Amino acid sequence: MTQRKAAEAPVADASGCHGGKEEMLKAAKAAGKSEVLDQYAKDYPQGPHDQPQSMCPAFGSLRVGLRMRRTATILSGSACCVYGLTFTSHFYGAKRSVGYVPFNSETLVTGKLFEDIKEAVEKTADPALYDTIVITNLCVPTASGVPLRLLPDEINGVRIIGIDVPGFGIPTHAEAKDVLAGAMLAYARKEALSGPVQRAANDTAQLPKVTLLGEMFPADPVIIGRMLEPLGLAAGAVVPTREWRELYTALDGAVVAAVHPFYTASIREFEAAGRPIVGSAPVGLDGTDAWLKAIGDAANVPASKIDAARNMFGGAIAGALASKPIRGRITLSGYEGSELLVARLLVESGADLRYVGTALPRTRWSDPDREWLESKGVHVQFRASLEQDIAAMREFTPDLAIGTTPVVQAAKERAIPGLYFTNLISARPLMGPAGAGSLADVINAAIAGKDRFDVMKGFFEGVGSGDTAGVWEGQPVIQKEFREHQRRKLAAKAKAAANLEAPTGC
């Protein structure tokens with residue numbers, strides 16, 4: 001396909017972002033993106049409902065690139081989307097600039113946007129500064145068929161990786177991490193097949209390595225490494241990686257541990273490289289015991305070594321769990337990918353866990369955790385929506401609700417203690433003996449604070465909510481006619497604004 005043909009590809013529906021998911025999807029397929037979108041549909045299946053409520057999926061792939069050394073990141077998308085993504089990324093600690101290739105009606109329709117992207121990549125490709133440049137199409141460029149596949153694989157020795165990360169094709173930002181990780185692994189695997197590659201500076205282990213798939217607390221890979229030593233194995237690279245050469249280390253692993261089981265594109269690359277995959281992780285007593293055996297078997301470790309390691313760590317974990325029990329009923333939900341692992345740890349710590357919801361899909365690699373939890377009477381909900389998470393909290397009336405920000409807010413409105421999963425739970429060691437007692441203190445302290453919520457609820461009882469919030473001498477009068485007039489006025493204003501912005505999307 002020549003660049004001229006790319007310029008003649010169909011563009012997104014004139015309503016741009018306002019056209020809705022189905023229109024954007026239809027436009028993207030008409031513009032030649034069927035293959036990539038069909039693959040996303042297989043890798044990241046939606047349902048049982050349409051899509052979990054989450055931030056823009058591109059935030060996930062953007063974070064992966066920004067965390068990698070000697071990696072430049074460029075976005076192509078609507079200005080408001082780029083602003084939101086860069087703002088959020090820097091809020092979460094990114095210390096590097098994000099490149100941006102803007103567009104308007106003319107550059108989008110004529111195909112000049114692709115030429116602008118190519119020019120931006122060529123100007124950025126400085127081998128003294130970068131090993132890799134990641135260029136990402138957001139919704140409108142994807143729907144318009146901007147063909148990043150036509151970019152050269154490398155410029156001046158700098159690798160060029162183009163990916164489409166549309167909100168209408170990838171359900172969550174966690175799965176977008178896999179989009180970029182998988183694309184990088186595919187590129188690195190081709191390099192390794194073509195000839196010798198340079199070893200990463202931190203790849204000093206002489207033992208067979210276990211690649212760890214999924215972002216985790218920084219101490220966890222170290223803890224896992226110590227648990228692997230009795231098996232004659234070492235912890236390898238963690239994917240997503242922090243530098244390019246670690247991808248070679250990851251592909252060189254004897255076994256891949258799918259700690260986060262939704263990295264479907266990455267797993268496909270590891271399987272193509274002939275690497276066995278093991279699900280779950282060494283969490284709790286049962287989880288660690290089963291995981292050590294599965295890893296040992298996959299790496300052809302003698303049974304005597306496997307049994308010795310299981311016995312060694314089993315006693316330490318049992319002691320840690322017994323010394324810091326958790327007492328109370330809990331509901332749990334999140335979107336990181338470690339929800340089922342945390343749930344296992346809670347159950348083994350003694351918690352009465354009734355429900356665990358995750359925004360991620362069910363995969364064959366999550367089956368060991370799902371089956372174990374269901375055998376303990378825990379309801380596991382994949383692709384959980386906010387409504388399902390809140391409904392579970394209402395049904396089970398827990399002593400503590402762990403979840404996303406709106407779930408925690410809904411819990412506190414009902415005088416139920418709540419903890420934000422991402423910052424307060426997943427940001428702790430979970431693996432092995434260190435993880436066994438890591439959650440008890442914060443969870444028991446939160447449950448113990450229930451009395452304070454009761455006091456606050458009693459203090460504010462009767463102040464009302466919504467239209468009746470506050471202290472009134474009499475019942476406020478709702479003016480239905482005025483409200484309907486304002487609704488029509490705002491709807492007309494929104495429609496007019498949408499028509500003005502239609503040529504370039506929002």
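This is a predicted model: local features need pLDDT of at least 70, side-chain atom pairs count only at pLDDT 80 or more; totals for chains, interfaces and linings use all residues.
Residues are numbered from 1 along each chain as its sequence is written, and side-chain values use heavy atoms, with hydrogens and water left out.

Helices (H or I, at least four residues) and strands (E, at least two) are DSSP runs numbered from the N terminus. Two strands are taken to pair if DSSP finds at least two bridges between them. In general, strands of a sheet pair through backbone hydrogen bonds, either parallel or antiparallel.

An open sheet is formed by five strands in the order 2-1-3-5-4, with mixed pairing. Strand 2 (99–101) and strand 4 (154–155) each have a single partner strand and stand at the edges, so one side of each lacks a neighbour in the sheet. Within this sheet, six bridges join strand 3 (residues 132–137) to strand 5 (residues 158–164) in the parallel sense. In this pairing, T136 lies opposite I163 of strand 5.

Helix 3 (residues 58–66) touches strand 1 (71–76) and strand 5, and its direction makes about 155 degrees with that of strand 1. Helix 6 (residues 112–124) touches strand 1, strand 2, strand 3, strand 4 and strand 5, at about 165 degrees to the direction of strand 1. These angles, on a scale from 0 to 180 degrees, are taken between N-to-C directions of lines fitted to C-alpha atoms, for helices over the stretch in contact.

Strand 10 pairs with strand 11 (residues 352–358) in the parallel sense over six bridges, and I330 has L353 as its bridge partner in strand 11. The chain passes from strand 10 through helix 14 (residues 339–348) to strand 11 in a right-handed β-α-β crossover; with the strands pointing away from the viewer, the path from the first strand over the helix to the second then runs clockwise. Strand 10 also runs parallel to strand 13 (residues 400–403), with three bridges, where L332 is partnered by I402.

The structure holds zero disulfides, a disulfide being a pair of cysteine sulfur atoms within 2.5 Å. For C81, the closest cysteine sulfur is that of C80 at 4.2 Å, too far for a bond. C81 is partly exposed, at 25% relative accessible area, and C139 is likewise partly exposed, at 22%.

Definitions and conventions. Contact means heavy atoms within 4.5 Å. Buried means under 20% relative accessible area, exposed over 50%, partly exposed in between (1.4 Å probe, protein chains only).
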